[in-house]
Amino acid sequence: MNEAISRESLHTPSLDRLDRRILAALQANGRISNQELAGLVHLSPAQCNRRHRRLEAMGVIRGYEARLDADRIGLGVTAFVHITMERGQHKEVQKFQRTVGKMAQVLECHAVTGDFDYVCKVVARDLKGLSDFLLGTLAQQPGVNGVRSSVCLNELKCTGALPLE
């Protein structure tokens, strides 16, 4: 047996057609009742609930949250921030990773390949707020060598729903 396949199967749960239908319905409406979910996927409520709880226990479902409209709560600016770190500063990188995870303005942060070390999705009330955050907070973190940002002009698609096929 191929070693790469066996290692992958340890981390990738086996999902059948019904599991995927449950997940698709939950991605579309995380507030759906078990009764409604069972009807959508053609299972009894008890069977549906068991599968739903199993998917949660397996870690396939990481949590539930309300998706808010940033503009309507006064966060009118979204930016993608590219961060480079100083080379050879392993302790500072670990500290940066812990600190950025606690920053409310940072919605997402990804370690990436290429010219930058991290790409973060950041929100702010306005351009001044973004500037204050970038220059006064993010760029001041130990180990940060450079910060470049791209301000989002128009959001074309924003979803947390994953493809299930």
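This is a predicted model: local features need pLDDT of at least 70, side-chain atom pairs count only at pLDDT 80 or more; totals for chains, interfaces and linings use all residues.
Thr-84 itself belongs to strand E1, which covers residues 77-85. With a relative accessibility of 18%, Thr-84 counts as buried, because the cut-off for that class is under 20%.

Turning to the aromatic side chains, a search of the whole structure returns one aromatic pair. The partners are Phe-96 and Tyr-118, whose ring centres lie 5.1 Å apart with 50 degrees between the planes, a tilted arrangement. The pair joins distant parts of the chain, as Phe-96 sits in helix H5 (residues 90-100) and Tyr-118 in strand E3 (residues 118-124), 22 residues apart. Both partners are shielded: Phe-96 is buried at a relative accessible area of 1%, and Tyr-118 is buried at 6%.

Helix H2 (residues 17-28) packs against helix H4 (residues 45-57) at an angle of about 80 degrees, and their axes are 10 Å apart. The two helices are therefore roughly perpendicular to each other, since angles of 65 to 115 degrees fall in that class. On the H2 side, the contact is made by Leu-18, Asp-19, Ile-22, Leu-23 and Leu-26, while H4 contributes Cys-48, Arg-51, His-52, Arg-54 and Leu-55.

Methods:
Residues are numbered from 1 along each chain as its sequence is written. Side-chain values use heavy atoms; hydrogens and water are left out. Rings of Phe, Tyr and Trp (its six-membered ring) pair if their centres lie within 6.5 Å; planes under 30 degrees apart count as stacked, over 60 as edge-to-face and the rest as tilted. Helices (H or I, at least four residues) and strands (E, at least two) are DSSP runs, numbered from the N terminus. Buried means under 20% relative accessible area, exposed over 50%, partly exposed in between (1.4 Å probe, protein chains only). Axes are lines fitted to C-alpha atoms, for helices over the stretch in contact, and angles run from 0 to 180 degrees between N-to-C directions. Angles under 35 degrees count as roughly parallel, over 145 as roughly antiparallel, 65 to 115 as roughly perpendicular and the rest as oblique. Contact means heavy atoms within 4.5 Å.
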